[in-house]
Amino acid sequence: GGGIPLDDVLETAGISVLHDYQCPPLPSLLQCEQLTLSQVDITVWCSIQLKELDFLPTAVQKNLLFFTQSSTLTLKGAQLHLPKKVLKPRRGTVNDAMVALGSEYAASLLLNANELINRSSLNLPLAPLEFLADQSVS
């Protein structure tokens with residue numbers, strides 16, 4: 001039939017199922033009951049090779065290349081203002097925590113977009129971003 005051969009059954013008889021068992025590694029978890037992040041004001045000066053931004057979608061990379069007309073993206077003294085945040089209690093992976101933190105600051109980064117573009121090597125009109133920033137404050 002389709003069962004286990006008798007020799008295999010006799011060979012393993014009397015051996016504990018836990019013999020040579022190893023527990024799988026547990027995922028690292030982050031549990032935070034309270035997290036308060038102070039207001040942060042940052043001045044950014046940097047030059048990034050566009051080829052190093054390979055984690056961005058291809059369309060974004062091509063747009064950056066088009067708008068910079070260069071192989072580098074440069075920020076010259078851009079002021080970033082991130083407000084104080086009090087985060088809710090959370091339990092999960094470190095990656096989940098970083099995604100949640102990014103989500104918390106997404107609107108703030110949009111409000112800083114004018115400053116970033118104004119002080120960058122991008123040649124973009126600011127009117128659409130000013131409209132979006134006004135809408136997110138309302």
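User: Which helices and strands each supply at least two residues of the lining of the largest pocket?

Analyst: They are strands β3 (40-49) and β4 (72-82) and helices α3 (94-111) and α4 (113-118). Helices (H or I, at least four residues) and strands (E, at least two) are DSSP runs, numbered from the N terminus. Please note that this is a predicted model, in which local features need pLDDT of at least 70 and side-chain atom pairs count only at pLDDT 80 or more, while totals for chains, interfaces and linings use all residues. Residues are numbered from 1 along each chain as its sequence is written, and side-chain values use heavy atoms, with hydrogens and water left out.

User: How much space lies in that largest pocket?

Analyst: The largest pocket holds about 250 Å³. L73, L75, L116, I117 and L122 are the closest to its centre among the 13 residues that line it. A pocket here is an open set of points on a 1 Å grid over the protein atoms alone, where a 1.4 Å probe fits, with protein on both sides within 12 Å along at least five of seven lines; lining residues have an atom within 4 Å of a point. The volume is the space filled by probe spheres set on the points, which are joined across faces, edges and corners.

User: What classes of residue make up the lining of the largest pocket?

Analyst: Eleven of its residues are nonpolar and two are polar, with no charged residue. Ala, Val, Leu, Ile, Met, Phe, Trp, Tyr, Cys and Pro count as nonpolar, Asp, Glu, Lys and Arg as charged, and the others, Gly among them, as polar.

User: And the second largest pocket, which element gives the largest share of the lining?

Analyst: Helix α3 does, with five residues. Strand β1 (30-32) also supplies at least two. The space in this second pocket is about 190 Å³, and its lining includes L30, C32, K88, R90, M98 and E104. By class, eight lining residues are nonpolar, three are charged and none is polar.

User: Changing topic, how many salt bridges are there?

Analyst: The count comes to two, a salt bridge being a side-chain nitrogen of Lys or Arg within 4 Å of a carboxyl oxygen of Asp or Glu. One joins E104 to K85, whose closest N and O atoms are 3.9 Å apart. Because E104 lies in helix α3 and K85 in strand β5 (residues 85-87), the pair ties together parts 19 residues apart in sequence. The other joins the side chains of E115 and R119, at 3.1 Å from N to O.

User: Is K85 buried or exposed?

Analyst: K85 counts as buried, at 16% relative accessibility; buried means under 20% relative accessible area, exposed over 50%, and partly exposed in between (1.4 Å probe, protein chains only).

User: What is S108 in contact with, beyond its neighbours within four places in sequence?

Analyst: S108 touches H81, L82 and P83, where contact means heavy atoms within 4.5 Å. S108 sits in helix α3 and is buried, with a relative accessibility of 8%.

User: Finally, what is the overall pattern along the sequence?

Analyst: The pattern reads α-β-β-β-α-β-β-β-α-α-α, which comprises five helices and six strands. Of the 138 residues, 20% are buried. Among contacts between residues at least 6 apart in sequence, 74% join residues at least 24 apart.
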